[in-house]
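Colleague: I would like to learn how to read a few features of a model. Can we take them one at a time?

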Amino acid sequence: MKARIKFRKYGCLCFIGHLDVMRYFQKVMRRAQIPIAFTGGYSPHMIMSFAQPLGVGVTSDGEYLDIELTEPIPSGRAVRQMNEVMAEGIEIVSFSEIPEEKKYSGMTITAAAEYEITLLESGKCADRKKRIPESLGKSAEEFLAQDEITVMKKTKRSEKEVDIKPMIYEMEVTDEAVRLFLATGSENNLKPDLVMEEFLKFAGEEPEHTPFHVHRLDVYAKKEGAADSGGAHVKDAGLVTLESLGREITEER
């Protein structure tokens, strides 16, 4: 049986990297007595994979971890046992069964992510937020109205010029936050800080002097058979949260 764990990451633990998060969950599985499966061979390790690793310093309400179980464990019990051994900064939200086929893994099906970005009084403290000027709201419409939004995108080996506009599905600016719905996953992946920096430059602001905080709200997959959204109203065009694709494991099992 395969299971999907949804968790929050907040506070000081947002500054630990992906490999440390993996080690953290390995310890949690043991301490919470979750019947997780191991690989075979001379060096067995827990069978787990993360849908879309989070950047350092980014907080989130919707992170996902897929694991393989040796036997069923009720969802409510699994959530309770894991949260009892958790350190402050990571909280389990849900635990659900998912199809066993590889094509349903979070790493494979992730297609988009939703972010909330707030401006900060100082880059030294993410809790001191400031209101977003009305001028930025007007600039957002002009920013998206461009035929192309070309940036230099860095990869592990090089950097190249990329048009990121098709990867920005939605963008909304209020007096409290900038909300972004971006392409995320193995095929297309757009980082919110890259979009925000380009937007601030377009609006006449200096990104290096305009600190902001990125918070991921959730991660989405495309429903089977859903048509391409074309970059508009993606929630209504077949994108659903990874959490919604699982089902609760009950005591009766």
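This is a predicted model: local features need pLDDT of at least 70, side-chain atom pairs count only at pLDDT 80 or more; totals for chains, interfaces and linings use all residues.

Colleague: Start with the helices. At what angle do α4 and α5 pack, and how far apart are their axes?

Modeller: Two packed helices are described by the angle between their axes and the distance between the axes. Here, α4 covers residues 134–144 and α5 covers residues 192–202. Their angle is about 105°, and their axes are 10 Å apart. Angles of 65 to 115 degrees count as roughly perpendicular. The two helices, α4 and α5, are therefore roughly perpendicular to each other.

Colleague: Which residues in α4 and α5 meet?

Modeller: From α4 come Leu136, Ser139, Ala140, Glu142 and Phe143. From α5 come Val195, Glu198, Phe199, Leu200 and Phe202. By class, this contact has seven nonpolar, one polar and two charged residues.

Colleague: Which residues in α5 are buried?

Modeller: An α-helix has 3.6 residues a turn, so residues three or four places apart point the same way. In α5, the buried residues are Pro192, Leu194, Val195, Met196, Phe199 and Leu200. They pack against α4 and against the strands β5, β7, β9, β10 and β11. Just after α5, look at Gly204, which takes a positive phi of about 85°.

Colleague: Which element supplies the largest share of the lining of the largest pocket?

Modeller: Strand β11 does, with five residues. At least two residues each come from β5 (110–122), β6 (125–130), α5 and β11 (212–222). The lining divides into 14 nonpolar, eleven polar and seven charged residues.

Colleague: What does Val162 touch, not counting residues up to four places away in sequence?

Modeller: Val162 touches Ile149, Thr150, Val151, Lys153 and Met167. Take Ile149 as one case. Val162 and Ile149 are 13 residues apart in sequence. In space they are 8.1 Å apart, C-alpha to C-alpha.

Definitions and conventions:
Residues are numbered from 1 along each chain as its sequence is written. Side-chain values use heavy atoms; hydrogens and water are left out. Axes are lines fitted to C-alpha atoms, for helices over the stretch in contact, and angles run from 0 to 180 degrees between N-to-C directions. Helices (H or I, at least four residues) and strands (E, at least two) are DSSP runs, numbered from the N terminus. Angles under 35 degrees count as roughly parallel, over 145 as roughly antiparallel, 65 to 115 as roughly perpendicular and the rest as oblique. Contact means heavy atoms within 4.5 Å. Ala, Val, Leu, Ile, Met, Phe, Trp, Tyr, Cys and Pro count as nonpolar, Asp, Glu, Lys and Arg as charged, and the others, Gly among them, as polar. Buried means under 20% relative accessible area, exposed over 50%, partly exposed in between (1.4 Å probe, protein chains only).
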